[in-house]
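Open the model in your viewer and keep the selection panel at hand. The stops below say what to pick and what is there.

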Amino acid sequence: MNKEFILITGASSGIGKEISAQLSFNFNVVLCGRNQEKLNETKLLCSSNNESLIFQFDLSDISNIENSLSSFIKENNIVVSHFIHCAGYMKMQPLKLLSLDNLQQTFSTNVFSAAMICKVLIKRKINLSSLKSIVLISSNISDRGAKALAAYGASKGAIDSLMRCLAVELAPSVRVNSVLPGAVRTEMTENIFANEEVANRMEKTYPLGIGCSEDIANAVEFLISEKARWITGQQLTVDGGRTVDISG
C-alpha cells in the first residue's frame, strides 16, 4: 500500500516552511519549491519520525507541472492525501508601471499552478483517489484592496474563486478551503517591514498585532483535520482582527 503524504508548495520559506515543519510531526510531507538548498534547510526542520521528500520544481513552469508531479508520485510510490498551496509571488508595482511579465509570473505561481496540481491529484490512476482536502493560502487582500498590489490582489481573488468552485465540484470526496493571512513577517514581506515608518503604521491597524507563520500553520492544521470535516468552500481569515477594525 502506498504511503500517504501531504504536498506543500512554497515549502522553502516563510509560511510554507513553518507549515512543513509543523505538520511533519504527524504526517509524511512532500516539500515543493524551486530552491534545492532552501528545501534541504526545511527538511532539516522536519521531524525524523515521519518521511520528508523533496520535489524541486519551479511552479511558474506551468506547462510541465502535470507530467513532473505525476512522475514524482509514481516514482516514489506515494499518494497525496492533502494539498497545501503556499507558493506565492508578490511584486509591488503601481498600475502605470504594471508589466505583463509581472502578471504572468504572479498568476502562474499563485493560481495556475494550484489548479494544475489539483488536476493531477484527482486523477485516479495517478493518486488512487487518495486526496481528502485542499487548503489554498490566499490573503486578506483577496476581497479588499491596496496600492501597487493589483497583480497580487487579483491573483488572490482568483485563488479564492478557484477554491469555491473546486469545493462544489470535488465534494463530497475532497474538502477545499482557503486561509487568508494578514500581515505576517516572512521573507516575502521583509522589505515592507524594513521600513520602520510603514511597519509602525501597520502595527497600529492590527488589534492583535502583526502575525507570525505559526499562526497560519495552526489554521491549516485545523482545516486538514477531522475536526473540520464539515467545512468546505470557506475563506478562513487569520489576520489579527485587521479586516474588522474600522476605527479609522
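Start with two side chains: are F55 and F72 buried or exposed? F55 is buried, and so is F72 (buried is under 20% relative accessible area, exposed over 50%, partly exposed in between, with a 1.4 Å probe and protein chains only).

Before moving on, note that this is a predicted model, with local features needing pLDDT of at least 70 and side-chain atom pairs pLDDT 80 or more, while totals for chains, interfaces and linings use all residues. Residues are numbered from 1 along each chain as its sequence is written, and side-chain values use heavy atoms, leaving out hydrogens and water.

**The rings**

Keep F55 and F72 selected. They form a tilted aromatic pair, 4.9 Å centre to centre, with 40° between the planes. (Rings of Phe, Tyr and Trp, the last by its six-membered ring, pair if their centres lie within 6.5 Å; planes under 30 degrees apart are stacked, over 60 edge-to-face, the rest tilted.) The pair links distant parts of the chain: F55 sits in strand β3 and F72 in helix α3 (residues 65-75), 17 residues apart. (Helices are DSSP runs of H or I, at least four residues; strands are runs of E, at least two; both are numbered from the N terminus.)

Ring pairs link F55, F57 and F72 into a cluster. F57 is buried too, like F55.

**The sheet**

Now select the strands. Seven of them form an open sheet, ordered β3-β2-β1-β4-β5-β6-β7, with parallel pairing. (Two strands pair if DSSP finds at least two bridges between them.) β3 (52-56) and β7 (235-238) stand at the edges with a single partner strand each, so one side of each has no neighbour in the sheet.

Zoom in on β1 (residues 3-9) and β2 (residues 29-33). Four bridges join these parallel strands. L7 stands opposite V30 in β2.

**Helices on the sheet**

Select α9 (residues 213-223). This helix lies across β4, β5, β6 and β7, at about 165° to β6. (Angles run from 0 to 180 degrees between N-to-C directions, with axes fitted to C-alpha atoms, for helices over the stretch in contact; contact means heavy atoms within 4.5 Å.)

**A helix pair**

Last, select α1 (residues 14-23) and α2 (residues 36-45). They pack at an angle of about 35°, with axes 8 Å apart. Show side chains: K17, S20 and A21 in α1 meet E41, T42 and L45 in α2.
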